[in-house]
Amino acid sequence: MRDQRVAEVFQTHRENETAQIEETFSTFLSIVIPTYNESENIIGLVIEIANRIPEDIRTEILIVDDNSPDGTGSLVERFARENNFDETHSKGRILTIKVVHRPRRDGLMCAVLDGIKSSNGKNILVMDADFSHPPQLIPRIVGELKHESNCVVIGSRYAKGGTTVGVPLERLIISFGATGIARYGLNVKEVRDPMSGFFALPRHVLKDIEFNTKGFKILLEILVKKQRHVTVKEIPYTFTVRKYGYSKLDLKVLVDYTKAVWSLYKYGRRSQKRLEGSENRRSVLFLSKAARFFTVGASGLVINFLVSFLLSNGTVANLWYVQATAIGIAVSITTNFLLNKIWTFEDKKFSVLYTLKQYGLFLLFSSLGISIQLTLVYLLVESGISYNLSLICAVAAASISNFILNKKWTFREKVWG
Ligand code: GDD
Ligand code: MN
């Protein structure tokens, strides 16, 4: 099956050869695809792309591989060589396939940047290797690039008509949260999917951007630094979860994302001093504190679990499990309180009485949060909503009210800002 398709692609490209030779040799499109352990996907994808690119568009595909243990890099290299798509044999042809080998795994963002550095095309398109980004969209993207020379084209999950299929709920929530923070916090409101990993743009747009964040979000950085100088066009598509291999998005990626947002935020502050005190800044402050507050909450769960576990299984002590759980709760509420005081709200007043009073309020609001959550779950489930959804709404309502109450009363800040 695959061999037959390769043969077809091969044939089409041979037919195009003559027509092509008269045309200019400059490459119109460089497709940059970062890979780490994508051997099950990559050849199929390359064939699919080869089938999709318009016949008059000279294209190079750059696979940026981080020395994948499953041999993705060499697999592509062999495929390119055997089908004469490699650099030495593809002269005068529509399609070239190159592999950029990097010595070790070093993150998606700098893989993409390295790919761009090694590319020659007038335009650059970035996409994933796992078929989450449908190659069928490429002709439309190319159409937009041809039509407008100053346009960032985004394959968009969240524009009207776009959607996601098969993405687990917790990833959807993370994705919505991160997208919301980016859109409102970093002032790229007009863009529905600024976190897309599927986008294209003319090379000149990148000319004077100094990239200095890590993580997954190269498009976000481009938008924050360039949006006033380019038009943005979003093309809706359906994001589907990968069939083969595993996702590389992990906790480290989330941490990198948080750092990236912070540094882009500071960038915005430096370059737009006039926005000082504006609505925009206050929303960033509010959101960054909310993010810290929820991070502390998550750390509390871990601490709660660890303490209860270590106190009951004999590692530290051999307490009755109810006692162990109670201590776990007490310890985690206390660490939550302290972390919120020191980190989230940067409160420097440490007199004993004042701190105890704050601690009391914090406990009070925590119990209030628990009651809100219980009541809401009950009401929603009884009104016919599924337990999962009810739980999410209830946890969200409880955490938000918790955040706002503590912000206003425990740590004496304005609610907004
Ligand atoms: N070279 C290299 N180095 N490639 C990497 C690395 C790395 O360290 N980490 C990931 N990749 C490659 C993968 O092989 C894949 O082709 C692509 O980058 C995306 O990685 P996935 O592991 O498939 O990420 P995901 O599906 O969880 O995340 C995607 O979806 C997000 C939306 O939910 C990405 O497209 C994100 O950009 C997107 O925002
Ligand atoms: Mn993926």
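Strand S3, which spans residues 95-101, is mostly covered in this predicted model, since six of its seven residues are buried, where buried means under 20% relative accessible area, exposed over 50%, and partly exposed in between, with a 1.4 Å probe and protein chains only. Strands, of at least two residues (E), and helices, of at least four (H or I), are DSSP runs numbered from the N terminus. Strand S2, at residues 59-65, pairs with S3 in the parallel sense over seven bridges, two strands being taken to pair if DSSP finds at least two bridges between them. Within this pairing, Val64 stands opposite Val100 of S3. From S2 the chain passes through helix H3, residues 72-82, to reach S3, and this β-α-β crossover is right-handed, a term used if, with the strands pointing away from the viewer, the path from the first strand over the helix to the second runs clockwise.

Most residues other than glycine have a negative phi.

A search of the whole structure finds one cavity of 30 Å³ or more, a cavity being a set of points on a 1 Å grid over the protein atoms alone where a 1.4 Å probe fits but cannot get out, with lining residues having an atom within 4 Å of a point. The largest cavity has a volume of about 40 Å³, the volume being the space filled by probe spheres set on the points, which are joined across faces, edges and corners. Its lining consists of Tyr354, Lys357, Gln358, Leu361, Trp409, Thr410 and Arg412. Helix H11 (352-382) and helix H12 (387-410) each supply at least two of the lining residues, and H11 gives the most, with four.

Residues are numbered from 1 along each chain as its sequence is written, and chains are lettered from A and ligands numbered from 1 in the order in which they are written. As the model is predicted, local features need pLDDT of at least 70 and side-chain atom pairs count only at pLDDT 80 or more, whereas totals for chains, interfaces and linings use all residues, and side-chain values use heavy atoms, with hydrogens and water left out.

Terms used. 1 Å grid on protein atoms, 1.4 Å probe; cavity = no way out; pocket = protein on both sides within 12 Å on 5 of 7 lines; lining within 4 Å.
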